[in-house]
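Here are my notes on the model, as numbered points. Please read them with the coordinates open.

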Number of protein chains: 2
Amino acid sequence: MSERPITIALDVMGSDHGIEPMVEGAARFSLESGGAEVLLVGDSDAVHTALQAQRHDASRLAVIAADGGVSPDEDFRAALSERPNCSTNLCVALLAGGQADAMVSAAPTGAVILATSAGLRRLPGVRKTALAAVYPTERKHGPRQDPFALMLDVGATVHASAADLVRFAVMGSTYAQVVSANPNPKVALLSNGTENTKGTEAIVAAHEWLNRSEIVDFAGNVEGLDIPKGTVDVVVCEGFLGNVVLKMLEGVGEVVADLAKDAYARRFLWRLGLTMLSSGVRQLRTMTDWKQYGGAPLLGVDGVVVKAHGRSNPRAVSNALKVATKAVRGDLTGKIETGLAEAARSGWFDEPDEREG
Amino acid sequence: MSERPITIALDVMGSDHGIEPMVEGAARFSLESGGAEVLLVGDSDAVHTALQAQRHDASRLAVIAADGGVSPDEDFRAALSERPNCSTNLCVALLAGGQADAMVSAAPTGAVILATSAGLRRLPGVRKTALAAVYPTERKHGPRQDPFALMLDVGATVHASAADLVRFAVMGSTYAQVVSANPNPKVALLSNGTENTKGTEAIVAAHEWLNRSEIVDFAGNVEGLDIPKGTVDVVVCEGFLGNVVLKMLEGVGEVVADLAKDAYARRFLWRLGLTMLSSGVRQLRTMTDWKQYGGAPLLGVDGVVVKAHGRSNPRAVSNALKVATKAVRGDLTGKIETGLAEAARSGWFDEPDEREG
């Protein structure tokens, strides 16, 4: 634990729904005991106005004026380079300069990845950063019996070599230990079959590599079927695949909600049935509602970075701030660095080879 | 339409549940009007015994003795090469020799792909075959308002170049026209974003290529979110990705069914609610029940080949036989050949380049 309170830079611009849900989420978070302090980075007039409409603990919130933010509609590359003091860049600068311990942003994923890769160093041994997402599963995980698992990379980059995949495995395992309090997370590679010969060249090579690991509890390959079931605690894959899978889960959740709404509208008996079944339907909805999972951490950079969903509501923002606090408190970054250093010292990273897969 | 009745070779061995569901499915199919004739290829004693237990139309069923089948537990490569007259090989031989117009098999996917690629020529212009699967969607498709879409490749091969993907698009579009009676199917590439720059190199190149197509109604890229929603009629991707996505949809269906069963067991009020909601729950289950979709056609070979699910029940087998009949009646193979020849004649396949992506 640090001496001064944990401080989180919150990029209040760039969400799909404007600054209100961001500020409201921070206001809620400020009222909870044990929370960190939040720097609200954005258009200061608009932030003050939004804040006045919300109950909040002013002693735990400060506003930092920024030169706009990266809007979902604009070219984020241009926005970041033309406005060095835009909210996303400023959050990265606060984190890099040590004024903040973590940052949370709902700006477009590309903007968060680019700004952090420009402004933060990668941890030693990291070749590619990875965006990790918590997703709902049928099986419960860890001592807290959480109904979700972790998947990475879900889109920080497109391809991953074998060397990248094994590093993702170390980082994902560390994240599950620190944030999900799971002392011994089971890690698997996502492939098109469980046999060690199945998958792309990178997966086959990473499989062999992870089999020899003493750092990661490797459970072998899992298949698509295992994703919703939640057979393992951490699923490792390249960013392209992870992106498709994660968005698909989100789509399934929306379809389930649509069907339930349809049913609700149809007739009274339906409604009665729905009421009786409500805890079941709620369970289904909850399982597929990303809003409660609080955003996706970007792993491999020197600092805690949480990408909140572009459509975050106040609850999702507040949850993202909690996840960031937990990651800082558990020294996520330090532990990832230690894990990678141990793996390197043991010679584990030297083989089978370091080629791009 | 052919002069003699349509004949389908059914590989009754190799399913996860033995020959009974295969034979029962064929027996059911024989009783329906307008159906084709079925050659039951397998262990003839066992087939005759299983057949006697079922109502069937003997005039539409014949038994062809085979030297065993490829069981899900054995090495299919060894099985196929050591037993040239095993049921899967025999079905391919019947198709190649013209004694059958189509084959249906629930043997392991690898066995079906290997046996057909050894025994059947690929259609001119085809570089890689593709396994196409019908999957459930929220949105309805085509004039019949079917609640499902087509995805290919779901696992005939692992990787696909741009040149492969555009051929998959032509084959998938033709299949939707012939079997789903959709005169103008919308086809999209599965990627990690809708922009034409998103995805792997192969996807970006295929996108540009398909944009210039006069043969395929190309709708651009779709994302994971669009899969369950069913934004387009045909989703094109490489086999590795398609395999993960398809198995994941299957897993979601199983999780939904588990949750519903859980609820059912719990208490009376739940049960009452479930009864009232039954048509809604049935809708959800139906949407995710692959058994009613009747198997995945292998496209690009000279002949109609339908891979039924290893866990097929009699209904799934009967549906696979119907799909095969429809494909033969609609001259699927001839139409794919014509489509690819037209594309080649128009010079469409000559550019941007033929490199492996």
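**Notes on the predicted model**

1. Start with helix α4 of chain A, residues 87-96. The helix is mostly covered, with 8 of its 10 residues buried. The buried set is S87(A), T88(A), N89(A), L90(A), C91(A), V92(A), L94(A) and L95(A). These buried residues pack against strands β1 (7-11), β2, β3 and β4 (102-105) of chain A, and against helices α3 (76-82) and α5 (109-119) of chain A. G98(A) follows the helix and has a positive phi, near 85°.

2. A word on confidence, since this is a predicted model. Mean pLDDT for chain A is 88, and 86% of its residues reach 70 or more. For the complex, the predictor gives an ipTM of 0.82 and a pTM of 0.86.

3. Two stretches of chain A need care. Over residues 266-273 the pLDDT stays under 50, and the model has 11 contacts beyond four places in sequence for them. Residues 353-357 of chain A are also below 50, with 8 contacts beyond near neighbours in sequence. Where pLDDT is low, predicted coordinates should not be read in detail. I would keep those contacts out of any detailed reading.

4. Now the overall make-up of chain A. The chain has 13 helices and 11 strands. Of its 357 residues, 58% are buried. Take the contacts between residues at least 6 apart in sequence: 73% of them join residues at least 24 apart.

5. Strand β4 of chain A deserves a look from both sides. A102(A) and V104(A) are on one side, M103(A) and S105(A) on the other, and all four are buried. In a regular strand the side chains alternate between the two faces of the sheet. Both faces of β4(A) are covered.

6. Which strands pair with β4(A)? β1(A) runs parallel to β4(A), joined by 4 bridges. Strand β11 of chain A, residues 304-307, also pairs with β4(A) in the parallel sense, over 4 bridges.

7. L189(A) has V236(A) in β9(A) as its bridge partner.

8. Next, a helix pair. The axes of α6 (residues 162-179) and α7 (residues 201-211) of chain A come within 8 Å and cross at roughly 50°. The two helices are therefore oblique to each other. The crossing of α6(A) past α7(A) is right-handed. On the α6(A) side the contact is made by A162(A), L165(A), V166(A) and A169(A); on the α7(A) side, by A202(A), A205(A), A206(A), W209(A) and L210(A).

9. Is S15(A) buried or exposed? S15(A) has 27 other C-beta atoms within 10 Å, so S15(A) is buried. The residue is found in the loop between β1 and α1 (20-31) of chain A. Leaving out residues up to four places away in sequence, S15(A) touches P21(A), M22(A), A106(A), G310(A) and S312(A). A111(A) is 96 residues from S15(A) in sequence, and their C-alpha atoms are 12 Å apart.

10. One site in chain B. G220(B) is placed in strand β8, residues 217-222 of that chain. With 17 other C-beta atoms within 10 Å, G220(B) is partly exposed. Beyond neighbours within four places in sequence, G220(B) is in contact with A188(B) and T194(B). L190(B) is 30 residues away along the chain, with a C-alpha separation of 8.9 Å from G220(B).

How values were computed
Residues are numbered from 1 along each chain as its sequence is written. Chains are lettered from A and ligands numbered from 1 in the order in which they are written. This is a predicted model: local features need pLDDT of at least 70, side-chain atom pairs count only at pLDDT 80 or more; totals for chains, interfaces and linings use all residues. pLDDT is the predictor's confidence in each residue, from 0 to 100. Two residues are in contact if their C-beta atoms, placed from the backbone, lie within 7 Å. Two strands pair if DSSP finds at least two bridges between them. A residue is buried if 20 or more other C-beta atoms lie within 10 Å of its own, exposed if 12 or fewer, and partly exposed in between; C-beta atoms are placed from the backbone. Axes are lines fitted to C-alpha atoms, for helices over the stretch in contact, and angles run from 0 to 180 degrees between N-to-C directions. Angles under 35 degrees count as roughly parallel, over 145 as roughly antiparallel, 65 to 115 as roughly perpendicular and the rest as oblique. A crossing is left-handed if the near helix is turned anticlockwise from the far one by less than a right angle, and right-handed if clockwise.
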